[in-house]
Amino acid sequence: MVKLSAKEVVELLSQRSSTRYYDPNKKINEEDFNAILECARLSPSSVGSEPWKLLVIQNQALREKIKPFSWGMANQLDNCSHVVILLAKKNARYDSPFFVDVMVRKGLNEEQQQQALAKYKSLQEVEMNLLESDRTLFDWCSKQTYIALANMLTGAAALGIDSCPIEGFNYELMNQTLAEEGLFDPNEYGVSVAATFGYRARDIAKKSRKTMDEIVTWVE
């Protein structure tokens, strides 16, 4: 396993900052962006469910179509190299075909599948109370997409690529527009979060963060 020093890790994340103004003349090469997508694909998720899909929006006409209701990235849609919309799975119940696929992908035999199914049922019905509404279950899947998102942002920083996570858009209109384009089935997936990638066009202000003492409590 590749090992960075503690100083290198901290320095990497110190230099990463949400970029709102990109250089339109600098584009991410295919190899590097595929590596960023791999960072998402290799991300962990609750019970290994991987309840996400990624839309890479490179079509400029579509970018123009979503711009009027995407205030959080209105300045970026013209100039960033890549736009990614992360979708979260809907109806990801423990007893759905989606979870059968999860178990098959893990290579579980019939007995192991039944044991796993019992654990998934307990997790969703009892421990996390996820089945009280469709929204609760969707929000659980959306949480997983943020793990993939964070890994993409960190992976981009390691490659010297800038990025910005985006929630600043009208979710109803984004879902409607992308679904009407035939990019996903709105009965199966919904928009969770977005991100832009490219190379910054302006210097970025020094990060403002809480101190370690403000956020960490040691229990020994």
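What share of the 220 residues in the chain is buried? Buried residues make up 40% of them. Keep in mind that this is a predicted model.

Let's start with the whole chain. You'll find eight helices and four strands here, and going along the sequence they follow the pattern α-α-β-α-β-α-α-α-β-α-β-α. Of the contacts with a separation of 6 or more, 79% are between residues 24 or more positions apart. A few overall values are collected below.

| Property of the chain | Value |
|---|---|
| Span of the C-alpha trace along the principal axes | about 55 × 55 × 35 Å |
| Accessible surface | about 13100 Å² |
| Part of that surface from carbon and sulfur atoms | 52% |

Now for helix H2, residues 30-41. Asp32, Phe33, Ile36 and Ala40 are the buried ones in H2. Because they cover an arc of only 100° around the axis, they sit on the same side of H2.

What do the buried residues of H2 pack against? Their partners are strand E1 (52-56), strand E2 (82-89), helix H6 (134-158) and strand E4 (189-198). Exposed Glu30 and Glu31 are on the face turned away from the buried side. At the start of H2, a side-chain oxygen of asparagine 29 comes within 3.2 Å of the backbone nitrogen of glutamate 31.

One last stop is threonine 177, which lies in helix H7 (residues 171-180). Threonine 177 counts as buried because its relative accessibility is 10%, under the 20% cut-off. Leaving aside residues up to four places away in sequence, threonine 177 touches Leu62, Lys65, Ile66 and Phe69.

Methods. Residues numbered from 1 in each chain as written. Predicted model: local features only at pLDDT ≥ 70, side-chain atom pairs only at ≥ 80, totals over all residues. Heavy atoms only, no water. Helix = DSSP H or I, 4+ residues; strand = E, 2+ residues; numbered from the N terminus. Buried < 20%, exposed > 50% of the residue type's maximum accessible area, 1.4 Å probe, protein only. Contact = heavy atoms within 4.5 Å. Arc of directions from axis to C-beta. Polar contact = N/O pair within 3.5 Å; in protein donor to acceptor, adjacent residues only side chain to side chain. Areas by Shrake-Rupley, 256 points an atom, 1.4 Å probe, with all protein chains shown as cover.
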